[in-house]
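Try each task before you read its solution.

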Amino acid sequence: MKLDEILNKIGENKKKIQNFRSLKPAEIEELDNYFKIGTTYSSKTYERLL
């Protein structure tokens with residue numbers, strides 16, 4: 001693979017990543033709730049094992 005091809009591929013991938021960067025407020029809230037519930041559940045499960 002030539003340097004130009006590699007640089008073009010990097011540029012394409014950078015554009016793809018940048019398209020995913022901005023999350024909508026509803027998406028942020030959903031992720032926040034997911035991690036709160038998941039970590040709480042994991043914590044309670046761990047406590048039961050002790």
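**Exercise 1.** Is Tyr34 buried or exposed?

*Solution.* Keep in mind that this is a predicted model. Start with the relative accessible area of Tyr34, which is 56%. The cut-off for exposed is over 50%, so Tyr34 is exposed. Now widen the view to the whole protein chain: buried residues make up 0% of its 50 residues.

**Exercise 2.** Find the aromatic pair and classify its geometry.

*Solution.* A search of the whole structure gives 1 aromatic pair. The partners are Tyr34 and Phe35, with 5.1 Å from centre to centre. Next, take the angle: the planes are 85° apart. Planes over 60 degrees apart count as edge-to-face, and that is the class of the Tyr34 and Phe35 pair.

**Exercise 3.** Which residue forms a salt bridge with Lys36, and how are the two placed along the helix?

*Solution.* The structure holds 1 salt bridge. Lys36 forms this bridge with Asp32, and their closest N and O atoms are 3.2 Å apart. That is within the 4 Å limit. For the placement, look at helix 2 (residues 25-49): because Lys36 and Asp32 are 4 residues apart there, about one helical turn separates them.

**Exercise 4.** Which residues form a nonpolar patch on the surface?

*Solution.* Begin with the fold elements: the protein chain has 2 helices and 0 strands. Its accessible surface is about 5,300 Å², with 59% belonging to carbon and sulfur atoms. On that surface, Met1, Leu3, Ile6, Leu7 and Ile10 form a nonpolar patch, and together they have about 550 Å² of accessible area. One of these residues, Ile10, lies in helix 1 (residues 3-21).

Definitions and conventions:
Residues are numbered from 1 along each chain as its sequence is written. This is a predicted model: local features need pLDDT of at least 70, side-chain atom pairs count only at pLDDT 80 or more; totals for chains, interfaces and linings use all residues. Side-chain values use heavy atoms; hydrogens and water are left out. Rings of Phe, Tyr and Trp (its six-membered ring) pair if their centres lie within 6.5 Å; planes under 30 degrees apart count as stacked, over 60 as edge-to-face and the rest as tilted. Buried means under 20% relative accessible area, exposed over 50%, partly exposed in between (1.4 Å probe, protein chains only). Accessible areas come from the Shrake-Rupley method with a 1.4 Å probe; for residues, only the protein chains shown count as cover. Patches are made of residues with over 30% relative accessible area and no salt bridge: like charges are joined within 9 Å, nonpolar side chains (Val, Leu, Ile, Met, Phe, Trp, Tyr) within 5 Å. A salt bridge is a side-chain nitrogen of Lys or Arg within 4 Å of a carboxyl oxygen of Asp or Glu.
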